[in-house]
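Me: I am new to this structure and would like to learn how to read its features one at a time. Could we go through them together, slowly?

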Amino acid sequence: MKLPETIRAAFVIARRDFSATVLSKTFLFFLLGPLFPIGLGFIFGGIGAQVEETAAPATVAVVSSPADFALLQKARHRFEPLGTDRPLVRLQRVDPEPDAAAQRQRLLTSADNPILGVLEGGLFAPKFTGAVTADGRTVQQINLFVEEAVRMRSSLQVPSLPVEVTLTRTSSGSVAFARNLTARAGQTILFVLTILLAGMLLSQLIEEKSNKVIEVLAAAVPVDAIFLGKLFAMLAMSLVGITVWTSAGAAAIAIYAKGGLESLPPPAVGWPAFLFFILLYFSMSYLLIGATFLGIGAQASTVREVQTLSMPVTMSQVLLFGFASLGVGRPDSAAAIGAAVFPLSSPFAMVARAAEEEALWPHVIALVWQVLWVALILKLASAIFRRSVLKSGPSRRWPWQRRQTA
Amino acid sequence: MFAMGERAIAAEARDLVKDFDGKRAVDGVSLTVPEGSITGILGPNGAGKTTTLRMMLGIIDPTSGTRTLLGHDRPLEVAREVGYLPEERGLYPTMPASEAIAFMGALRGLPIAEGRRRALQLLSDRGHEDWAKRPIRTLSKGMAQTVQLLGTIVHRPRLIVLDEPFSGLDALNQEKLEQLIRDQAAAGVTVIFSTHVIAHAERLCERVAIIAEGRAAFEGAVDEARSRLRPIVHLRTRMADGPWRSALPTSAKNVAGEWRFELPEGGPEPLLKALLDSAAGIETLSIERPGLHDAFIAIAGEAAAREMGHSPAEAGSE
Ligand SMILES: Nc1ncnc2c1ncn2[C@@H]1O[C@H](COP(=O)(O)OP(=O)(O)OP(=O)(O)O)[C@@H](O)[C@H]1O
Ligand SMILES: [Mg+2]
């Protein structure tokens, strides 16, 4: 059958499935469900603040004499026992150079040696420049270290001198780490959404099989069109859900995380593109994994069988996620490329890449590749369905099945 | 009678074979359905009627053999011009009746808005406008079947395939369905239906295919099936015996004093002469043209006929 006809038929199927789902009363629960955890997450400490705090590799370059540095290190050492839940900021000494401003700039942007900020001006005119907010832990710690170092040096009670703080938007350390974090966050969002939403496709054909509508459908349209329609109906429904959830999430970010996404260092491709990629790769991972599930689920004839199938299917999703996360932080490693090439993990790997690498052309290739696989999986699933469920075509036996003549 | 050569062929099957898991369900069925005809597929349970129809419609592919539907050998390509009522009826339970009819039309290419309009028309033509908004689940089985039948014709197909369309309907609705089939045929639509109730086929069909144990035992015009049988003689005489007995065929049976046998090759005259000459004393004598039921017995065998015979609708026939 010609492609436009298949798409037309798929649209008829999708329209029925979509309206049957969205117009049902249970859809409201579907929409509200995920809002509870999102709401709770934002009530307990803004996500934005946490990102800033956990992001840093927590190394501060100290431009100072060895003597001053030794005192600072000693001070840090004294406070070490306090940093039980999270390690204290690490200090790294750098020799002063004549052009202090140029040195500071270089340190802040050096990619080989990612740092969070620069402390200069010795113990008595300390000046901190870095990518953190003024009330952040890092600044508080630096303040403590300087104060303690001065105290130890003079063995006197001197009034503490607050560190003069200059804030830059980013530094290389915070960028590398934040991108890594954004990559992981992107993958996790994708993973959570697919695991929540793709599982529904396992049971998509149960309804038609149990009420015998499948015979009406299969007589009128190709099985490909049935599968395609069901897949896109569920994708559309998921996107409705995601739109509702992200709107709620965005509102929460705006309220709790002050500057919202603006306060976070941007991913390699920039925020708008990255959000677009998350949506795009969610759709792709939904179509890929969904098509697989649809094919697997179509073999089941009862709800019980679907329930039995859902556990191994969820486990394999976890495996895919694990596989894709191996390459995060090393976008050119074999693990990252492998995960991007293997169709089912490709969207996860590519969303991480969008956070880490600026180039856009790999995404074009990946998307074409993924679309190709969606088509392939659907074709395969419908061929297997026709053969094993509708019992169509010449009967074929596996080699190990004994041939019995009728 | 018609000459096959003058009419276009709406559907054709050649040597269709279907194996299910190594078991042969259909074993070389051939059918020719002329355009605008009503063709009945007759056969007992498990004969392979449904399987044959599903192969012809392209729901399943045959193990071997070929089929053509409205000139295409890939039946789904002409899905827009075909309507099909499956043996196991199936509609979405939550869909309103008019929506279900429109949906079935949409599957076969009818724009949904037009489908909704026609659905209301079809329902109100039959005085069922109050069904339109009711979800299928709230309709009775027979009502739902009527809705599905309307969904089968809503897109005005050229060929309608109905698998056991009469089962599950009361006498009144069976009659309405017969009328619908006649109306469709009168409008030039080709109708194929399967049944194990010979009476329906006899009343409606121009052609029949008799399927037994996966084979087409007969395929052709109803008249042709009948004419395969010799007329049946029913005879009652005053004399129990006499020389006239030798004029009766050896297969003649005496049931409660009445002789029943096929009219011998020579026709009625030699028989009458023998009866009169030997003064048999004829009380009643009738020579009847066999019905489709007798033809069915002759073609498919007593066993198959017995399997078909005990349907309630049978009682009303002949
Ligand atoms: N999907 C299937 N898998 C395995 N065997 C099947 C399948 N469908 C039909 N059969 C077998 O094929 C044979 C013919 O079945 P079919 O349904 O075509 O008969 P039928 O003439 O329509 O009978 P009925 O009057 O009961 O509807 C039966 O022996 C049946 O068991
Ligand atoms: Mg049947």
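Me: Which backbone contact does G46(B) make with ligand 1, and at what distance?
Reply: Bear in mind that this is a predicted model. A backbone N or O atom of G46(B) lies 2.8 Å from an oxygen atom of ligand 1, and a polar backbone atom of G48(B) is likewise 2.8 Å from an oxygen atom of the ligand. From K23(B), a polar side-chain atom lies 3.3 Å from an oxygen atom of ligand 1. The protein covers 69% of the 630 Å² of accessible area that ligand 1 has on its own.

Me: Where does ligand 1 lie, and which residues come nearest?
Reply: Ligand 1 lies between chains A and B, and of the 15 residues around the ligand, G46(B), K49(B), T50(B), T51(B) and E87(B) come nearest. By class, this shell holds four nonpolar, six polar and five charged residues.

Me: Which element gives the most to that shell?
Reply: That is α1(B), with three residues; both β2 (23-34) and α1 (49-57) of chain B supply at least two residues each.

Me: How are two packed helices described?
Reply: One gives the angle between their axes and the distance between the axes. In chain A, helix α12 (residues 271-299) and helix α16 (residues 361-388) pack at an angle of about 15°, with their axes 9 Å apart. Because angles under 35 degrees count as roughly parallel, α12(A) is roughly parallel to α16(A). The crossing of α12(A) past α16(A) is left-handed, and the residues of their contact divide into 18 nonpolar, six polar and no charged.

How values were computed. Residues numbered from 1 in each chain as written. Chains lettered and ligands numbered in written order. Predicted model: local features only at pLDDT ≥ 70, side-chain atom pairs only at ≥ 80, totals over all residues. Heavy atoms only, no water. Near = heavy atom within 4 Å. Polar contact = N/O pair within 3.5 Å; in protein donor to acceptor, adjacent residues only side chain to side chain. Areas by Shrake-Rupley, 256 points an atom, 1.4 Å probe, with all protein chains shown as cover. Helix = DSSP H or I, 4+ residues; strand = E, 2+ residues; numbered from the N terminus. Nonpolar A, V, L, I, M, F, W, Y, C, P; charged D, E, K, R; others polar. Axes fitted to C-alpha atoms, helices over the stretch in contact; angles between N-to-C directions. Parallel < 35°, antiparallel > 145°, perpendicular 65-115°, else oblique. Left-handed = near helix turned anticlockwise from the far one by under 90°.
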